[in-house]
Amino acid sequence: MKRTSKLLSLFLALTMAIGLVTPAMAVEVPEAGDSMAGKVVILHTNDTHGGDAAGEKSIGTAGVAQLKKDFEAAGATVLLLSAGDAIQGDPLVNLDKGASAIEFMNAAGYDAMCPGNHEFDYGRDNLEELAGKAEFPILCANLVNKSTGKPIFEANKVFELEGGKKIGVFGLATPETASKANPKYVEGLEFLQGEKLYACAQKQVDELKAAGCDFIVCLGHLGVDEGSEPNRSIDVASHVNGIDLFVDGHSHSDNETIAAAAGGSNVVNGALIVSTGTKLANVGVYICGEEPEYGYVSAGEYTGSDPDVAKLIDERSAAVDSELSAVFAKSEVLLDGNRAPGVRTQETNLGDFAADAILWQAREYLGGDDKVDAAFTNGGGIRDSIAAGDVTMKTMKTVFPFGNAVYTLDLTGAQILEMLEANTNTTPTANGGFPQVSGLSFTIDTTVPYVNGEKYGDTTFYAPAEPGARVKDVKVGGEPLDLDKTYTLATNDFTAAGGDAYYVLTQAANGYNTTVSLEDALVNYTREVLGGVITAEKYGEAAGRITIVKDILSDYTDLESGAWYAGAARYVLTEGYMAGTGKGNFAPNGTVTRGTVYQTLYNMAGKPAVAEPATFTDVAGKWYADAAAWAEDEGLTTGTGKGEFSGDKAMTRQELAKVFSDYAAMNCILSTGEGDLSAYSDADQVAAWAKDGVESAVALGIIKGNKDKLNPTGTAVRTELAQILKNYDALEPTYVETVVSIEVPAQDGIPAHTVPGTLTLPTSASKDAQVPGVVMLHGTGSNRDEAGGGYAIAAPVMAAYGIATLRIDFMGNGDSTASYTDYCFTSANIDAKAAADYLAKLDVVDGDALGVMGWSQGGTNALLAAAAYPDTFKAVVTWAGAMRLNGADFFEDYNAAYETAKKDGYVELTFDWREPLHIGPRWFEECLNTDKAAEVAKIKGPILAINGLSDTTVTPDNADQIVAASTNDASMTYFIEDCDHTFNVFSGDFSALGEAVGAGIAFFQEVLGGVSADAAA
């Protein structure tokens, strides 16, 4: 035999090039006289599920046996592999719990198999007994004993071929077995999953290569269904190096389905992944040689049959038919047991029939209708439909092949809700746990996403994070579900043991196994209640016990569920933010008007009551009149000029961006990233008035471009607005602001008083993720929001970067009711310390990471507070902090003013921008007697002294003097070009203010250990 790694590499390169994404090509079966001497052929099957008898859609196991003989007769060395789920699925193999399946496989000459989840349907002991009867190894590396960590079956097998070549085969079982099999059957076992699964598989590859194998086969029962992620064959192949061929099962996939799931090719990380569907519809054939081939031999194309194997199967089939063929009832209708759409996706008439039978049987067994409230069974346990006509025991054994029994247990209403939510988690996508019910009714809102909570033990399922989010309007016996009440329910022993996602049932009380099998319950119910006839009147269609909220897009003739906008349209329609335009239309490309935009925002806000009509002259009687009034009250719009709102005027995309960025800021939503427009080729078309808004909207992800274009001047359409609304609604507030009052007792000659403040906290802060805090001190005669709202702007930005702030009003300023005559350096220190103590007591603030900042005289106060409390304030930032403040600049005759203050108790200081201040004598005394430089030298922490180079009120040399006086080598100055004492806030240009805020944030983050911008966001 000529089998080299070079040839394999050539084959894999070829398959990568052509994709191998179409249905596998038919393989020519050798005929008499053909020679395949020296070649190795790997035949494989999966998910045969008792389909061993040949038929129109099945080659049959006798056909598999003959196919192997045909290749061997031509001189090939043949390996025959099974990827599991062979012992269950049809009465042919169900009645003796898979013993016949193993007998058939022995006769056909199988060389190895891996266990599927259904190999555990009759228990571990049964499987181990069958393994002892198998004339081939059952391979499984990732199924281990929990206590020893060792595999319970052989992990791998080396097949030594002619010429010294070796093929290594290892097995993997789906971790879903832990929940898809009866949990009691897998007690004490662990199915390695995720990263553990990958490591296990890599270890097998490495071990087989070390043993001299030059071709590695993974024989797996993992599948490619999205719900099986991250334990699919394509997941394993992408994380494990060195697998040449991956023979897969579980999802009943063909090779085209695998390629689609893998992104377009069956070759993943060098591994060719193959599967043959189910019930021997195909046999996979991999031929190694000079020109390796892969393909299918399909039912209908191959008629070969091994007579000895065929006889064995026929004899067993006849015995089963004889045992089960007696007719005991008739059905007037087809009872739907299909998978999807069917019992795994929705209520069906067969689901109703089965649940009704279980409920009746449980009540009969326990002695009364009042003994059991309701019943349910998992849709995945219903394995076939019941055709109209004669009904036999074989029919029932086919529908319920697992030998499960009726089981009763007590559950609280809360547990029932969790159970229903967990087992409809993928609806409308098929789910084996989907509950078919009797005595129960509920609604599933499929438009609400299922959110995973805690993982259910060792299973692959998760509890719902929000029970009741998707499942609503639950009723038991026609009455609303009482979450605190205890109900008695009937089910089967599989779900009662926590199978599928019924893990919560393991916590149920008073569990009782009636030992009546499900199929017997159906027979008894049919005979005794239905009189042997399943009528069209009772079961002609589903009874309406389960309501599934459909996709709202189907209500609109012009919306496509697969379009780019589908998710956004679905969201805004469901939330009620947008509505259709009439006659079943949404008008996805309809023009967006100002009225539409503000109406959607008004809808999003919950349509709050409007006290007065808008002042606009053109909105009376319009459908958007209340929205216009609300938007005006909120400060979102002042109209378009001349007192008009212009609700019918189209809006451009840059206008939309501006509106939504303003609305985000109003709702405490800020971005810590820069809205870089350089990636867009039409960024130069953004108007100057819209630039900040567009940048903010881009940074927040509210608006996005398409093919490197923003199209800022283009007219927005309704689906774009829908997407923007959805993007906006996904944002969370960056910070929260609260007005606080701090009570300060009398001390140091300062009377007791209340300090008003505004606390700004990052929403990212928590007890487990504390943030630094900064006290913000304002300048002379100002208030806690400072000049031009500078502090009110700075605090939210600081919060966005993970810094909590508390800005306060000094005595007699802002909202303070204290007398300004008591304001002085001492009172300012006391208030700053009180604010720091307030911050330190908050669970979300790190009390050991506090700083202080101040503007103008507030900067002086910040320095003095840090000097008075050096262990409290670990860092100081001054904005135009005054080092030479002595009060002389405020009065033409300072000494005369001081004398007046001593005589009258205060002197009046007048301003052209606020009410006069009454300055007391202590302020004069402390200004005269305080050595600022000496005080600064007492500060332990570093200082950042920020000054505008155009500041003529507190000149830049003040910053130099502050740093010169500091004894901390980390202190520094920061100067801003073309910046006055107000940081230019009254000019409308906030760039200097932004620079000062940014410099302060960086300084505080470095010194106080604040979180990074990304972490804060």
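Two strands pair if DSSP finds at least two bridges between them. Strands here are DSSP runs (E, at least two residues), and helices are H or I runs of at least four, numbered from the N terminus.

The model is predicted, so to speak with care: local features need pLDDT of at least 70, side-chain atom pairs count only at 80 or more, and totals for chains, interfaces and linings use all residues. Residues are numbered from 1 along each chain as its sequence is written, and side-chain values use heavy atoms, leaving out hydrogens and water.

**Exercise 1.** Work out the strand order of the open eight-stranded sheet and find its edges.

*Solution.* 
- Step 1: the order reads β28-β29-β31-β30-β32-β33-β36-β37, and the pairing is mixed.
- Step 2: β28 (735–744) and β37 (972–976) each pair on one side only, which makes them the edge strands.
- Step 3: zoom in on β32 (residues 845–855) and β33 (residues 875–879), a parallel pair with five bridges. Gly854 has Thr878 of β33 as its bridge partner.

**Exercise 2.** Describe how helices α27 and α28 pack.

*Solution.* 
- Step 1: α27 (residues 894–904) and α28 (residues 921–929) have axes 8 Å apart, at an angle of about 135°. Axes are lines fitted to C-alpha atoms, for helices over the stretch in contact, and angles run from 0 to 180 degrees between N-to-C directions.
- Step 2: touching residues (heavy atoms within 4.5 Å) include Tyr898 of α27 and Phe924 of α28.
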